[in-house]
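I have a model open and want to jot down what I look up in it.

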Amino acid sequence: MKDTINAAPVRTRTIVFGAYFVLLLVMALFPPFYLSVSGQSTIVAGIPLPFVYWISIALLVGLGVWALYTVESINGELPEEEASR
Amino acid sequence: MIKFSSGSDLTITFGLIGLFLVLMIAVLYATNRKSTSFSDYAVGGRSYGPWFVAMSYTNSWWPGATFTAFFALSVGGVLGFYALVYATLGVTAMYLMANRAWTWGRRFNLTTQPDLLGMRYNSPAVKRIASLIGIVSVFPWVVLGIQALATLFQFASFGQWTVTECLIAGVVVVLIRQYWTVSMGMRGLIMTDMYQGLIAYVLCAALCILLLLGSHTPFSHLSQLPPKMLIMPGGEHSTYGPWYMFSLIFTGVIGSMCWPMSFQRIYTASGVRAVKKGTLLTILLVGGFYCILSLFAAAASNDPNVAANPQHGWFIALFDVGGPWMLAIAIVIVLAASIGHVDGCVQVCGTQFANDLATWSGPRSDRQLTVLAKTGMIVFIGAAAILAYLTFNYSRLQLLAQISYQGIIQLAIPLFFGIFSRRGNKQGAIAGMLVGIAIAIVLTTIYPDDIPWLGSLTSGIVGLIANLVVFVVCAYAIKPSPAEQVRVEGLFGAAQSSKVPMGKPGSVTT
């Protein structure tokens, strides 16, 4: 896994993560997406679907940033710092 | 104000408030360290790790109104959850801009967001205009924050204190707390942000989970919510047009890094890694806390008292569950959030006054800057306290707060272009911000909420579009001098070189 991440060209990574975050932004911003679940009473894990829609976007944002951080750490792009508080 | 029919025990509510304040002061004294320079005073010597950055950002992000206005939105249904999305998407920008913002900050000893803009566009005018927009936009929120504390004391006194008494109590608490904000600067702020954050967000989230597992506001109620709570604005039968939610969320996303106190958290970090890891933790704190609170609010809508008074739903729900003790905990949680937010606002405005505005006649020594920052904070909080007292029942203040949000996002164009692109110039930055904010002010005065004939777009978005057009036109019409091109290339090159992977020289990432 680490080798794959190390081997991936920076441009590929930028495109993958860029597309991922843009997709989430589109899902959050554009009416056809969120209005498609508006008023739906389907229950997912005990929570109504419209609530789950927003929670999922937030969750995916967090996972995306975590993945990006992991990739940058593996590639040694995050310099170690002096001991912090 | 809600009247409580039984269980009025002021000893419990004021006892817990007193305990909270005593512990806060103890934290301040235990961690007190004399600042050795203005950078030390303004950004804590760029020395803090990811948890401190995350908690400090969270404190500066969620004001006390999260437990009143936002709680009420979630009691009403799905609309309240939009803030969850814009909060998490917005803070992602901190991750993406971390490398350049932090590296430039350390290299040029930047202490504020306008400082970065001034450096990037090589223009003191850009810095001062951005700083003025920031200070003016933050001001109504401090006034509202103080007034929210008055509401809090109304609950703590079970409605027995008069409005004036509550307001005076709120002002006194804020003024006393600011003594340490002024004297200790960012170090005191960050230490108490950790303490306040643990109460306001971590304790609150844990409490909400416990209550959702109980019988009064059960999690199972979420699966039985009435259909009207599941409808988002902008649909067929909505009073809003299709672009209303877009405007709310987009404003929140791009606005997150425009708020000067949020951006300044980058400079408190000990390095790029701390900012990036701090962003991860911030998403966890900001999103996790708000998600749990909103689910609790929606579940609490089955309480008739909460449904009848959603703005005060947080206090009512907890009082209904556990009487005065739970009400006291609810009050302390809101107090912690409110104080954390007001502190952040006061600190950054004082710092910006000294660093960005009071340097018009030439550079100042570290000692002069520190004195000016302290003076700025005293004047700022004094003015806010007086205005909070004079305008307690002035409904137009809410409008000022709305205008401020539409105004602050006008910083987004020079900020995002300045960090992510080599294009753009000071003329475009200045003209764009001025045009954008003028449009935002005029349109918000006419259309405080949305603009119906534009599909419910908000005034800030219209201002932002004009701002962008002006910025881009200027970028293409006014060519930079060769010296300026070299300077900007140097800036971006410096930030890139700090990203070169260790052991892989030359393998530069974007």
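Before looking at charges, I note the cut-off: a salt bridge is a side-chain nitrogen of Lys or Arg within 4 Å of a carboxyl oxygen of Asp or Glu. I also keep in mind that this is a predicted model.

**Entry: charges across the interface**

I looked for salt bridges between chain B and chain A, and the rule finds one. The partners are Glu72(A) and Lys276(B), whose side chains come to 2.9 Å, N to O. That counts as a salt bridge because 2.9 Å falls within the 4 Å limit. I then checked polar contacts across the interface of chain B and chain A and got eight residue pairs, both residues at pLDDT 80 or more.

Which helices of chain B each supply at least two residues of the side that touches chain A? I find α5 (82–107), α10 (244–255) and α12 (272–300). The largest share comes from α12(B), with 10 residues. Sorted by class, the side of chain B that touches chain A has 34 nonpolar, 13 polar and seven charged residues.

**Entry: extent of the interface**

I see 54 residues of chain B in contact with 45 residues of chain A. The area buried between the two chains is about 4,300 Å², and carbon and sulfur atoms give 71% of it. Leu230(B), Met232(B) and Arg273(B) supply 17% of what chain B buries against chain A, more than any other three residues.

**Entry: a glycine in a loop**

I went to Gly49(B), which sits in the loop between α2 (38–43) and α3 (50–61) of chain B. Is Gly49(B) buried or exposed? Its relative accessible area is 1%, so I log Gly49(B) as buried.

**Entry: nonpolar cores**

The largest nonpolar core has 186 residues. Those touching the most other members are Phe51(A), Trp54(A), Phe20(B), Ile249(B), Phe263(B), Ile266(B) and Trp314(B). Helix α14 (residues 313–357) of chain B gives the most to this core, with 24 residues.

What does Trp314(B) touch, not counting residues up to four places away in sequence? My list has Phe67(B), Phe71(B), Cys204(B), Cys208(B), Leu293(B), Phe296(B), Ala330(B), Ile333(B) and Val334(B).

How values were computed
Residues numbered from 1 in each chain as written. Chains lettered and ligands numbered in written order. Predicted model: local features only at pLDDT ≥ 70, side-chain atom pairs only at ≥ 80, totals over all residues. Heavy atoms only, no water. Contact = heavy atoms within 4.5 Å. Buried area = accessible area lost by both parts, 1.4 Å probe. Polar contact = N/O pair within 3.5 Å; in protein donor to acceptor, adjacent residues only side chain to side chain. Helix = DSSP H or I, 4+ residues; strand = E, 2+ residues; numbered from the N terminus. Nonpolar A, V, L, I, M, F, W, Y, C, P; charged D, E, K, R; others polar. Buried < 20%, exposed > 50% of the residue type's maximum accessible area, 1.4 Å probe, protein only. Core = buried A, V, L, I, M, F, W, Y, C linked by side-chain atoms within 4.5 Å.
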